[in-house]
Amino acid sequence: MHASGYRKLGKTTPQRKALLRNQVTNLLYHGKIKTTETRAKEVKRIAEKLITLAIKEKDNFEEVTVAAKVAKKDAKRAILAYLYPVTEVPADGKAVRKNTKKVDMAAKMFDEIAPKYAGRNGGYTRIVKLGARKGDGAMEVILELV
């Protein structure tokens with residue numbers, strides 16, 4: 001790894017952030033993605049941190065009125081802010097999402113993913129090598145949630 005602490009992936013900063021955000025979102029939504037090895041390693045770093053945050057904060061909700069969940073701290077906002085960067089994530093967690101699926105990823109993180117990995121200390125993802133890509137010889141892998 002070089003001094004910058006992350007891989008640049010041959011992209012400008014906005015392009016790289018968008019690529020990683022989309023791949024992390026798709027990994028968490030679908031459970032697995034097919035990508036290159038280098039991208040998979042970067043996506044894995046981010047996804048593991050988000051899952052750890054969701055596990056840490058999953059019990060940090062209190063029921064209010066009918067069935068609305070409200071975060072005591074802003075872990076939900078942190079996850080939303082990463083997955084859907086907007087100028088400001090409102091307190092109710094309903095960020096304005098442009099060109100994304102209408103899936104509440106924060107709710108999915110807390111309701112499905114966090115309980116699934118609650119007893120696990122890291123290692124939420126697995127990388128399975130598929131072999132070199134025909135066009136450019138890049139190593140292709142499947143990155144999946146364990």
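**Entry 1: the model.** I am working with a predicted model.

**Entry 2: strand β5.** I looked up β5, residues 139-145. I find 5 of its 7 residues buried, so I note the strand as mostly covered. Next I checked its partners. Strand β1, residues 32-36, pairs with β5 in the antiparallel sense, over 5 bridges. Strand β4, residues 125-132, also runs antiparallel to β5, and 7 bridges join the two. In that pairing, T125 stands opposite L145.

**Entry 3: the hairpin.** I then followed the chain from β4 to β5. The hairpin has 6 residues between the strands. G137 takes a positive phi there, near 75°.

**Entry 4: E140.** Is E140 buried or exposed? Its relative accessibility is 17%, and the cut-off for buried is under 20%, so E140 counts as buried. E140 sits in β5, and T36 stands opposite it. I listed its contacts, leaving out residues up to four places away in sequence. E140 touches K34, T35 and T36, along with V128, K129, L130, G131 and R133.

**Entry 5: α1 and α2.** How do the axes of these helices cross? Helix α1 (residues 13-30) and helix α2 (residues 37-57) have axes that come within 9 Å and cross at roughly 65°. I record the crossing as right-handed. From α1, the contact uses L19, L20, Q23, V24, L27 and L28. From α2, it uses R39, E42, V43, I46, A47, L50 and I51. I sorted these residues by type: 10 are nonpolar, 1 is polar and 2 are charged.

Definitions and conventions
Residues numbered from 1 in each chain as written. Predicted model: local features only at pLDDT ≥ 70, side-chain atom pairs only at ≥ 80, totals over all residues. Heavy atoms only, no water. Helix = DSSP H or I, 4+ residues; strand = E, 2+ residues; numbered from the N terminus. Buried < 20%, exposed > 50% of the residue type's maximum accessible area, 1.4 Å probe, protein only. Contact = heavy atoms within 4.5 Å. Axes fitted to C-alpha atoms, helices over the stretch in contact; angles between N-to-C directions. Left-handed = near helix turned anticlockwise from the far one by under 90°. Nonpolar A, V, L, I, M, F, W, Y, C, P; charged D, E, K, R; others polar. Pairing = 2+ DSSP bridges.
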